[in-house]
Amino acid sequence: EKERNMKLIMIRKDIKCIVLLLFAIGLADKIFAKDLFVAPNGSDTITYSQNDINNPWATPQKAWYNAQAGDIVYFRAGTYTISGQIDTGTNGHDGTSSAWIEFTRYGSESVTIKGTGGTLQSMFKIGKDYNYIHHLNFDADGNSRVFMVGYDTPTVTGFRIEHCTLEDWANGDNCSALYLGSTYASATAKQIVVRNCIINGRSTANYQNYCGIQTFGVSGFTIENNEISYVVHGIYLKHSTIEYTNHGSTVRYNWIHDQQTSSTGAHKGAIDICENYVTVSHNICHHGINIGENAQAGGSPNGNYNTIEHNTSRSYGCTLIGDNGSNYNTIRNNIFASRTTLGTGNVWDYNMYISGSAIGAHDLGNTSPAFVGGSLPTSIDGFALITDSNGENVASDGTDIGADVSIVGTGS
C-alpha cells in the first residue's frame with residue numbers, strides 16, 4: 001500500500017510538471033479549451049462546464065461573455081435576436097495569440113444574428129483580445145453599427161472576421177458595419193483582419209460618413225477580398241495621427257460598387273486614405289481613391305507614404321486632397337477616370353487616365369481601356385482588359401495596368 005501511494009504521488013508530480021510546461025510553451029489554453037454550442041432551443045442557465053452539443057446556450061451574449069481562450073463556439077441553425085449591446089469591454093475573456101476564441105456556425109448550417117430596436121450604438125462592442133469570427137450573418141436592422149472594436153477600452157489586439165455577411169446598419173454620421181479603433185493619436189485596435197466578407201449598406205443611405213469599414217488609427221490591418229455596396233464611403237481610413245510608422249497595413253482585392261452620393265451632393269471615395277504607409281492594390285472601385293486630409297481633432301495632416309497600385313476606377317479618379325497632407329505617395333499601374341495632383345513628392349507613373357494628361361514618363365494620358373464588359377462593366381470579370389486593349393502588358397511589372405480580376409472579390 002505504501003509503494004502504491006508513492007507511485008500516485010509521483011504521477012501527480014509528473015502531471016503537474018506537464019501542465020506547467022504546457023503553460024510555459026503556450027499550449028495549455030489549447031489543451032484545456034472546449035467546443036461550446038448555442039442553439040435557438042438552448043438555455044442560458046447551462047453552465048460553462050455543462051455546455052456541449054446536447055446542452056447548448058441560447059444567446060450570443062452568453063457565448064461572448066463566457067467563452068475562453070482556445071474555445072470554439074458553434075451556433076446551430078436559426079436567427080438569434082439581440083436587443084442590448086454585447087460589450088466585452090467589461091465582460092468576457094481574452095483569447096491569446098496561440099489560442100484565439102472562435103465564433104462560427106456548426107457545419108454548413110445557416111446562422112443569422114440580428115439586432116432589434118434600432119437604438120444601439122453597435123450590436124457588438126469588442127473589448128477583448130483575439131476574437132475570430134467566421135461564416136456568420138449579421139443583420140443590424142437599423143442599429144448604428146455591427147461591430148465596434150477597441151472603442152473605449154484599452155487596446156484590443158487581434159480581431160479577425162472572415163466569410164461573414166454584414167448588412168442594414170443605420171444611416172448616420174460615422175455609422176459603419178465595422179468601426180475599428182477610436183482615437184487619432186494612438187492605436188486602440190491592432191492586428192485586424194477583415195477578409196472575404198459581404199458588406200451591404202442601405203440603398204437609401206446618403207449621410208456623408210456612412211461607411212462599410214471605418215478605421216481610426218488602427219495599427220496593422222488587412223482588409224482584403226471583400227464585396228462592399230450601398231455605402232457612401234467604401235473603406236474610410238480616417239484621421240490617423242500614428243504618424244510615419246509602417247505598420248504593414250494593406251487594402252487589397254476588394255470589389256466596391258453601387259456607391260451612394262452623399263446628402264451634400266459629393267461623391268466620396270470607394271477608398272479614402274487618411275492613414276500613412278498603407279498599400280492599396282488590386283481593388284475595383286465604383287467611386288475613386290482619395291488620399292489625404294488636413295489636421296482634424298488636434299491631429300496632423302495625413303495621407304502620406306502610401307502605395308497605390310493596380311487599382312481600377314472606371315467612373316471616378318484618384319484625388320490627392322492636399323491640405324498639407326497627401327505627400328510622398330507612389331501611384332502606379334492604375335486605371336483612373338481622372339486625377340488631381342496636389343501634395344508634394346508624389347510619384348505618378350505607368351497609370352492610365354481616361355481624362356487627363358500623362359504625368360509620369362510611362363503614363364497613358366487621355367486614353368481609354370477596352371474592358372471585356374464594355375465601357376461600364378457591372379461585374380468583376382467585366383473589368384478584364386480585352387486582347388490588344390490600351391494598357392495590356394505595359395505595367396511596370398509587365399502585366400496589365402489596373403486590377404487583376406482573378407484575385408478580386410470574395411470568390412477569389
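I looked up charges over rings, and Arg-339 has its charged end over the ring of Tyr-353, 5.3 Å from the ring centre. My cut-offs were NZ of Lys or CZ of Arg within 6 Å of the ring centre and within 35 degrees of the ring normal. Arg-145 does it too: its charged end sits over Tyr-179, 4.8 Å from the centre of that ring.

Housekeeping before I go on: this is a predicted model, so local features need pLDDT of at least 70 and side-chain atom pairs count only at pLDDT 80 or more, while totals for chains, interfaces and linings use all residues. Numbering runs from 1 along each chain as its sequence is written, and side-chain values use heavy atoms, with hydrogens and water left out.

Next, ring against ring. I get 20 aromatic pairs in the structure. Here rings of Phe, Tyr and Trp (its six-membered ring) pair if their centres lie within 6.5 Å; planes under 30 degrees apart are stacked, over 60 edge-to-face, and the rest tilted. Trp-64 and Phe-75 make a tilted pair, 6.2 Å centre to centre with 40° between the planes. Trp-64 is in helix H3 (residues 60-66) and Phe-75 in strand E2 (residues 72-75), 11 residues apart. Helices (H or I, at least four residues) and strands (E, at least two) are DSSP runs numbered from the N terminus.

Buried means under 20% relative accessible area, exposed over 50%, and partly exposed in between (1.4 Å probe, protein chains only). Both residues also belong to one aromatic cluster, whose members include Tyr-80, Phe-103 and Phe-124.

Then I checked Trp-255 and Phe-383, which form an edge-to-face pair at 6.0 Å centre to centre and 65° between the planes. Trp-255 lies in strand E21 (residues 255-257) and Phe-383 in the segment after strand E33 (352-353), so this contact ties together parts 128 residues apart in sequence. Trp-255 is buried at 9% relative accessibility, and Phe-383 is buried at 7%.

On to the strands. Which strands does E16 pair with? E13 (residues 176-181) joins E16 in parallel through five bridges, and E19 (residues 233-238) pairs with E16, also parallel, over five bridges. I count a strand pair if DSSP finds at least two bridges. Cys-211 of E16 is the bridge partner of Ser-176, and His-233 in E19 is the partner of Cys-211. All six of the six residues in E16 (residues 211-216) are buried, so the strand is largely enclosed by the rest of the structure. E19 is mostly covered as well, with six of its six residues buried. Three bridges then join E19 to E22 in parallel, with Asp-272 of E22 as the partner of Tyr-236.

Last item: Glu-275, in the loop between E22 (271-273) and E23 (278-281). Glu-275 is buried but has no salt bridge, and the nearest side chain of opposite charge, Lys-238, is 11 Å away. A salt bridge needs a side-chain nitrogen of Lys or Arg within 4 Å of a carboxyl oxygen of Asp or Glu; Lys and Arg count as positive, Asp and Glu as negative, and His and the chain ends are not counted. What does the side chain of Glu-275 make a polar contact with? The side chain of Thr-215, at 3.3 Å. A polar contact is a pair of N or O atoms within 3.5 Å; within protein, one must be able to donate a hydrogen and the other to accept it, and residues adjacent in sequence count only if both atoms are side-chain atoms.
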